[in-house]
Structure formats: structure tokens, C-alpha cells
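Trainee: I have a structure to look at. How do I read aromatic pairs and buried residues?

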Amino acid sequence: VAEVSHAEDSSENIELVRATFPIKGSHSASVVSLAASLDGRRLASIDAVGWFFLWDLSELTLPKILWRAQFSNSTSRMTFSPDGRYLAFADGKWASLLALDDSSWKSIDVGAEIRSLSFSSHSGRLVVGTVATDAADPHGVLKLWDADSQKEVWSYAGNCWEMSFSKETGNLAVLMDGSVMLFSEDMLAPTDREPLRFKGYSVFQSAVALNRQAPYVAAGGSD
């Protein structure tokens, strides 16, 4: 079931109108993740057995299937690029990119288990965070990729559990090896500068958020 909300803002009040309608005839297993494009025209869904659907919501009451596939792993990590040209999602050690203009499909082997991924709202580049899962993976890494060329442009070593971008400044907060790391946008490129590090947290943190203007960062976990 999808819920669509529409808000009209005025100087006096904000009116919220909600309509609920089912999307039928698609998933046979529980849906584990949803992602929506910024313009609201595309919806991505994936279920517990790895079936992925891309929906056209141009007509809300008549959603259409644009693309579907089944993956080896179910994932809850999906994100649209800010310009709506790409959908990225994690499939084990692979970051997959679906180009929405021609439905072409490309995958990037990042070398370790992906725990987080997000597009920068400023540069449009894809950031992927991985963690070491066995002896074959010496450590995790934070990597920045150019979506058009699928080339790596920057990396930083460390187990990356979660990340959050500031929408206005392009700064990036990352949960990494028991610390909260704060990267300014100009540091997401080869540089000798080190990110701000806030230490003293549990390795098992599970959430981080950087607010829109980026004057503060919040993190949460077992401690």
C-alpha cells in the first residue's frame, strides 16, 4: 500500500491531503525497502526474496512497472540520484546503478560488504561505505564514485556503518570504527586534510544524521 501526501503552504496554514491506494500484482513477499525520486515520479521497491520493481507514478492511481529483476541478496539500501538519472542499491559487495533514461544496468565491485550508500546532493556523486566481514577483507572503506563513468575518484579507509549528507552544504557525516567522522564537501577529493573525528562511541552505533545546514550532527547506538 502506498500513501501519497500533498501539502499546500500559505501564510495562514498548511493543508495536508492524503490519499491511500494499493499497488497490486507485484511482490509475493514482504517489501523490505522503498525509495522515491525527488520529483515523486519514480518509486523503487524490493522484497524479502530479492525481487526489485521500479514504478512509474506519473498517474498515481495507475502505477506502471518500468523495470524489474531478482537479485541474489535482498537489500534495504537504495537511493535515487538528485537529478533523477540513476537509482543505486547495494547487492552484497556490488553497488549497482540503473540508468533511468535508457534502463541500462551497470555494477561496481567495491570489494567488501556494503553497509551504506548515498548520493551527494551537491556533486551528484555516489558514496559507498563498506565494512570488513571476514579475513579476506582487511578493512572497510568509504569510496566516492562518479556515476557517469563508474570510476572511483576518492576513498578513505575504515569500517563505514552509516552515513548522512547535509543537503545544503554537501558535508558528510559517517559512523566509522567507533567514531563519528565529519567530512566537509571539499574533503571528498584527494587531500592531506583529515576529517573531524568525534571519539568515544560504541562500535555498534546504528544511526547518524547531519541536519540541513550542518551546524550539528547526531548519532545513536547501544550507548
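Mentor: We will take the aromatic rings, then a serine. Keep in mind that this is a predicted model.

Trainee: How is a pair of aromatic rings described?

Mentor: By the distance of the centres and the angle of the planes. Here the count comes to nine aromatic pairs. Take W67 and W105: their centres are 5.1 Å apart, with 20 degrees between the planes. That pair is stacked.

Trainee: Which parts does the pair of W67 and W105 tie together?

Mentor: W67 sits in strand β6 and W105 in strand β10, so the pair joins parts 38 residues apart in sequence.

Trainee: Is W67 buried or exposed?

Mentor: Buried means under 20% relative accessible area. W67 has 18%, so W67 counts as buried. W105 has 32% and is partly exposed.

Trainee: What does an edge-to-face pair look like here?

Mentor: See W154 and F183: 5.6 Å centre to centre, 85 degrees between the planes. W154 belongs to strand β14 and F183 to strand β17, so this pair ties together parts 29 residues apart in sequence. Both residues, W154 and F183, are buried.

Trainee: Which residues do ring pairs link into a cluster?

Mentor: F52, W67, F89 and W105.

Trainee: Now the serine. Where does S96 lie?

Mentor: In strand β9, residues 94–99. S96 is buried, at 2% relative accessible area. Its side chain makes a polar contact of 3.2 Å with the side chain of S107. Leaving out residues up to four places away in sequence, S96 touches several residues, including F89 and W105. F89 and W105 also belong to the ring cluster.

Note on methods. Residues are numbered from 1 along each chain as its sequence is written. This is a predicted model: local features need pLDDT of at least 70, side-chain atom pairs count only at pLDDT 80 or more; totals for chains, interfaces and linings use all residues. Side-chain values use heavy atoms; hydrogens and water are left out. Helices (H or I, at least four residues) and strands (E, at least two) are DSSP runs, numbered from the N terminus. Buried means under 20% relative accessible area, exposed over 50%, partly exposed in between (1.4 Å probe, protein chains only). A polar contact is a pair of N or O atoms within 3.5 Å; within protein, one must be able to donate a hydrogen and the other to accept it, and residues adjacent in sequence count only if both atoms are side-chain atoms. Contact means heavy atoms within 4.5 Å. Rings of Phe, Tyr and Trp (its six-membered ring) pair if their centres lie within 6.5 Å; planes under 30 degrees apart count as stacked, over 60 as edge-to-face and the rest as tilted.
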